[in-house]
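The sequence and structure are shown first.

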Amino acid sequence: MQMIGHAFAPPAFHDFCAREKRLCSTSGSQKLVELTNSRSAELASVNSSVNRRITESSDMATNGTDDDWRVPSRYGDCEDFAILKKAELMKMGWPASALLLTVARSGWDGHTVLTVRTSKGDLILDNRSSSVKDWSRTPYRYFARQALGVGKPWELIGSAEPVI
């Protein structure tokens, strides 16, 4: 992903970070993870496991608010799926600095996914797909993601540049 400047974080991100500081972190020196076969299998396993365990439900239906970022236990919307995937990968030893919450557009709707920075490119873990994909090969128009290494600031995303 090409970063083209500063972006504002989604409003609910700030409240989430007050509760879950470690899951908002992108600090650390390791900005990319070497994508071995076992690491690739871990990504696929976490993506599909979370997608199976969590039932998609809007924040309004789940907890009566328009936008509320949380670590889900049974129900959640797209950002909750992404947050849980980040939490599970961090428990497996993946560095927070390579796990970035990312917002995109799907048609007119906003959508949140987890971007995983790897030696083979930026990969997307998405609640709408059981496959882990290169970000440029997804149907979304990416808008912003957490900035590398600094925690709360976000960055604007430029055009897709496929990894070959």
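Does Cys24 count as buried or exposed? At 4% relative accessibility, Cys24 is classed as buried. The model under discussion is a predicted one.

## Cysteines

A disulfide is a covalent bond between the sulfur atoms of two cysteines. The structure contains one disulfide. Cys17 and Cys24 form this link, with their sulfur atoms 2.0 Å apart. The torsion about the S-S bond is -100°, and the link of Cys17 and Cys24 is left-handed. Cys17 is buried, its relative accessible area being 1%.

Cys78 presents another case. The closest cysteine sulfur to that of Cys78 belongs to Cys24 and lies 16 Å away, which is too far for a bond, because a disulfide requires sulfur atoms within 2.5 Å.

Thr118 belongs to strand S5, which spans residues 109-118. With a relative accessible area of 3%, Thr118 is buried.

The side chain of Thr118 has polar partners in the backbone. It reaches the backbone nitrogen of Lys120 at 3.0 Å, and a polar atom of the Thr118 side chain lies 2.7 Å from the backbone oxygen of Gly121. Leaving aside residues up to four places away in sequence, Thr118 touches Leu32, Val33, Leu35 and Leu123.

## Aromatic rings

A pair of aromatic rings is described by the distance of the centres and the angle of the planes. Across the whole structure, five aromatic pairs are found. One of them joins Phe13 and Trp69, whose ring centres are 5.8 Å apart and whose planes meet at 75°, so the pair is edge-to-face. Phe13 lies in helix H1 (residues 11-19), whereas Trp69 lies in the loop between helix H4 (59-63) and strand S3 (75-76); the pair therefore ties together parts that are 56 residues apart in sequence. Phe13 is buried at 0% relative accessible area, and Trp69 is buried at 2%.

Trp135 and Tyr142 also form an edge-to-face pair, with 5.2 Å from centre to centre and 70° between the planes. Both of these residues, Trp135 and Tyr142, are buried.

## A charge over a ring

Which ring does the charged end of Arg39 sit over? The charged end of Arg39 is placed over the ring of Trp94, at 4.6 Å from the ring centre.

Terms used:
Residues are numbered from 1 along each chain as its sequence is written. This is a predicted model: local features need pLDDT of at least 70, side-chain atom pairs count only at pLDDT 80 or more; totals for chains, interfaces and linings use all residues. Side-chain values use heavy atoms; hydrogens and water are left out. Buried means under 20% relative accessible area, exposed over 50%, partly exposed in between (1.4 Å probe, protein chains only). Helices (H or I, at least four residues) and strands (E, at least two) are DSSP runs, numbered from the N terminus. A polar contact is a pair of N or O atoms within 3.5 Å; within protein, one must be able to donate a hydrogen and the other to accept it, and residues adjacent in sequence count only if both atoms are side-chain atoms. Contact means heavy atoms within 4.5 Å. Rings of Phe, Tyr and Trp (its six-membered ring) pair if their centres lie within 6.5 Å; planes under 30 degrees apart count as stacked, over 60 as edge-to-face and the rest as tilted. A charge sits over a ring if NZ of Lys or CZ of Arg is within 6 Å of the ring centre and within 35 degrees of the ring normal.
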